[in-house]
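Open your viewer and get ready to click along. We will go stop by stop, with something to select at each one.

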Amino acid sequence: MIHIHEVAKLTKITVRTLRYYDQIGLLTATSKTEGGHRLYSEEDMKKLQQIQFLKGMGYRLQDIKEMLCDAKWNWPISLKSQLVYIMEEQERLGSIESSLRELINSIAIEGGDDHLAIQKLIQLSNQNKTKLRTFRENMFNDKQLELWTRLPKMKGEDPDSLEWIALLGQIKRHMKDDPASLRVQNIIRRMLEKQMEEFEGEDEFINKLWELRKSPSQSEKLGLYPIEQEVLEFMERAYEIYMSSEHNGSTQQGGVL
């Protein structure tokens with residue numbers, strides 16, 4: 001017989017948990033000491049292993065109790081049902097993970113303004129996905145739709161998306177600066193560098209996208225992250241200054257995808 005404290009030490013299961021298992025009839029100790037401490041047999045230990053194994057597969061304690069007590073329990077059906085549940089749960093958690101990344105990135109763009117970030121994401125989430133897809137298909141040809149998939153994503157965790165998000169956040173933080181300032185011009189320069197890295201030779205697509213981005217209604221129909229009109233106008237002024245300097249040479253418009 002093994003004392004409850006020894007069981008806790010061997011299994012890394014707390015004494016409180018073992019007592020709870022006993023209280024709900026999931027694992028009743030075979031015996032007790034004169035002082036009332038629970039003692040567990042070798043069979044009890046095997047059952048405890050089974051409980052922890054099934055618990056690790058996502059089963060609830062009540063389900064485990066029924067499974068271990070019912071000799072006629074249909075294991076294949078139960079396991080298949082649990083597998084379906086776990087797959088659905090993974091999909092749900094994946095969706096939550098994606099939403100969390102999107103909110104983190106949105107807050108970064110909004111300079112820590114979490115309320116504004118949340119409001120914008122609510123606006124995006126309320127859009128009809130079918131209508132968004134139809135509008136894009138009407139606005140872009142097949143090649144341009146393929147280019148669309150390469151745009152930075154608010155839910156992305158890839159380095160390119162994260163850098164775009166950081167650059168846009170920097171622009172918003174320097175809205176009070178002169179668009180001709182070195183700081184702002186360096187941000188625009190990096191935006192155009194990244195644009196060229198991914199979309200060199202695709203001026204038609206970039207120019208069309210920028211014109212659509214500047215229109216609040218068109219931008220919303222495309223499902224793009226909401227950017228205030230004054231921010232877009234500031235970026236365009238900064239872009240025009242950059243292009244009129246000695247660094248010009250590109251025919252691509254705008255500074256953000």
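**Stop 1: an exposed phenylalanine**

Select Phe53 to begin. With a relative accessible area of 56%, Phe53 is exposed, since exposed means over 50%. This is a predicted model, so keep that in mind as you look around. Phe53 sits in helix H3, which covers residues 42-56.

**Stop 2: the whole protein**

Zoom out and switch to a cartoon view. The protein has 13 helices and 3 strands. How spread out is the protein, judged by its radius of gyration? The value is 29 Å, well over the 18 Å that the globule rule gives for 257 residues, so the protein is more spread out than a compact globule. Turn the model to look along its principal axes: the C-alpha trace spans about 90 × 40 × 30 Å.

Of the 257 residues, 36% count as buried. The accessible surface comes to about 15500 Å², and 52% of that surface belongs to carbon and sulfur atoms. Among contacts between residues at least 6 apart in sequence, 62% join residues at least 24 apart.

**Stop 3: the sheet**

Select residues 2-3, 31-32 and 38-40 to bring up the strands. The 3 strands form an open sheet in the order S1-S3-S2, with antiparallel pairing. Which strands stand at the edges? They are S1 (2-3) and S2 (31-32); each has a single partner strand, so one side of each is left without a neighbour in the sheet.

Look at S2 beside S3 (residues 38-40): these strands pair in the antiparallel sense over 2 bridges. Click on Lys32 and look across to S3, where Arg38 stands opposite.

**Stop 4**

**Stop 4: a buried pair by a loop**

How many salt bridges are there in total? The count comes to 21. For another one, select Glu110 and Lys120, whose closest N and O atoms are 2.9 Å apart.

**Stop 5**

Move on to helix H10 (residues 182-199) and select Glu193 and Arg190. Their side chains meet in a salt bridge, at 3.1 Å from N to O. Because Glu193 and Arg190 are 3 residues apart in helix H10, about one helical turn separates them. Glu193 is partly exposed, with a relative accessible area of 32%. Arg190 also counts as partly exposed, at 22% relative accessibility.

**Stop 6: a lysine with a positive phi**

Jump back to Lys12, in the loop between helix H1 (4-11) and H2. What is phi for Lys12? The angle is near 65 degrees, a positive value in a residue other than glycine. Lys12 is exposed, with a relative accessible area of 73%.

**Stop 7: across to another part of the chain**

For the last stop, select Glu204, found in helix H11 (residues 203-213). Glu204 is exposed, with a relative accessible area of 58%. Glu204 and Gln144 are 60 residues apart along the chain, and their C-alpha atoms are separated by 9.1 Å.

Definitions and conventions:
Residues are numbered from 1 along each chain as its sequence is written. This is a predicted model: local features need pLDDT of at least 70, side-chain atom pairs count only at pLDDT 80 or more; totals for chains, interfaces and linings use all residues. Side-chain values use heavy atoms; hydrogens and water are left out. Helices (H or I, at least four residues) and strands (E, at least two) are DSSP runs, numbered from the N terminus. Buried means under 20% relative accessible area, exposed over 50%, partly exposed in between (1.4 Å probe, protein chains only). Two strands pair if DSSP finds at least two bridges between them. The radius of gyration is taken over C-alpha atoms; the globule rule is 2.2 Å times the number of residues to the power 0.38. Contact means heavy atoms within 4.5 Å. Accessible areas come from the Shrake-Rupley method with a 1.4 Å probe; for residues, only the protein chains shown count as cover. A salt bridge is a side-chain nitrogen of Lys or Arg within 4 Å of a carboxyl oxygen of Asp or Glu.
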